[in-house]
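Please open the model in the viewer and follow the selections below in order.

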Amino acid sequence: QYVPVLDFVTRRIGVAQDLPSAQKRALRRERFERSAKRVQAQRQLSMANVQRDTALAWLDRYYSQATRALLAQKIDEAQLQVQAAEVAFRSGRGSQADVFAARAAAIGLEDRLSEIDRQFRSAGLLLTRWVGADVAQRTLTGVPPWQSTPVEADISSAHLQQYPDLQVIGAEKEAAVTEVRLAQANKESDWSVEAGFSQRGPGYSDMLFFGVSIPLQWDHKNRQDREVAAAVAMVNESAARYEDAMRGREAEVRSWINDWQSGKERVARYRDSLIPTTQQRTAAALTSYSTGKSDLSAVLNARREEIDVHIQALSLERDTARAWAQLKFLIPDQGTSAQAKDKP
């Protein structure tokens, strides 16, 4: 049985163009601008974090190195103390318990030195991440800049808003506001126009066509209104998150300012009063020993306590310097990347 086959081929080509309102075009352009602003703020935040972490790693490595040098001196003093205790014991002027106590103190210092070495290596590994292995292995020289470089100790709202982490959240909040306005504008339909050419099969003439379409906005309650409500909820969430971040950042900055200012006062007290006093005590003990009025252990004890005070001062300086670094790099320093990488 013969079944006829209809050979019907249609070729169609055309163009279509949506015609959104001027308000929608402006809002869409604004949405892209908000997104670009957020990306820029995130870049600034990443730069500030890198600069801060580099400075903290450098400071940790610097003060670990300085503390190690003092501990090495203290170990030498402890070894002399062991020798003095052994001599006193052999001569009958001391007890065996004094010998064991001196040895235990020396072993404890060596263990403490091992801990400082671990901290020094850890700081070096962190510094390697930011500046590379070659730079991180350089011998640290100079003085940490926290004593000579001022920082902005401003906690006003205008200054806090400049911090990159708050700018990121602020840009997200602005973008959410734009989304609300765009969702409200989407309640109005966009026109679209279409024109084209259609080449139909045998027995049919070709055709030019032109059309205008207007989508029907129906079921506003379950569609457009819900889109607006979701966008409004995003605005409220961003605003709450921004307020919480503002309060949290202000509390952190206040704490760092307090640590920095208090630390500077205490460092000055150690440098101007406590360290000179311990040095004078060591000199007095040495004079008393040289005149035969005291034994060597008194000199060694005075020297050991002097070194302890130096180590305490270094620990205090490190904590103060870390507070300075937190404040210094809340906002990225654009000139830091152009400087040498061996200092924060």
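A residue counts as buried when its relative accessible area is under 20%. The model toured here is a predicted one.

Begin by selecting W58 and Y62, both of which are buried. The two rings form a stacked aromatic pair, with 5.3 Å from centre to centre and 10° between the planes. W58 and Y62 are four residues apart in helix α1, and about one helical turn therefore separates them.

Together, W58, Y62 and Y63 make up one aromatic cluster.

Next, display helix α1 (residues 22-90) together with helix α5 (residues 164-185). How do the two helices pack, and at what angle? The angle is about 165°, and the axes are 8 Å apart. Angles over 145 degrees count as roughly antiparallel, and α1 and α5 are therefore roughly antiparallel to each other. The crossing of α1 past α5 is left-handed. Colouring the residues of this contact by type shows nine nonpolar, five polar and 12 charged.

Two further stops concern charges placed over rings. Select R31 and F32: R31 lies over the face of F32, at 6.0 Å from the ring centre. Finally, select K173 and Y242. Here the charged end of K173 sits over the ring of Y242, at 4.4 Å from the centre of that ring.

Notes. Residues are numbered from 1 along each chain as its sequence is written. This is a predicted model: local features need pLDDT of at least 70, side-chain atom pairs count only at pLDDT 80 or more; totals for chains, interfaces and linings use all residues. Side-chain values use heavy atoms; hydrogens and water are left out. Axes are lines fitted to C-alpha atoms, for helices over the stretch in contact, and angles run from 0 to 180 degrees between N-to-C directions. Angles under 35 degrees count as roughly parallel, over 145 as roughly antiparallel, 65 to 115 as roughly perpendicular and the rest as oblique. A crossing is left-handed if the near helix is turned anticlockwise from the far one by less than a right angle, and right-handed if clockwise. Ala, Val, Leu, Ile, Met, Phe, Trp, Tyr, Cys and Pro count as nonpolar, Asp, Glu, Lys and Arg as charged, and the others, Gly among them, as polar. Rings of Phe, Tyr and Trp (its six-membered ring) pair if their centres lie within 6.5 Å; planes under 30 degrees apart count as stacked, over 60 as edge-to-face and the rest as tilted. Buried means under 20% relative accessible area, exposed over 50%, partly exposed in between (1.4 Å probe, protein chains only). A charge sits over a ring if NZ of Lys or CZ of Arg is within 6 Å of the ring centre and within 35 degrees of the ring normal.
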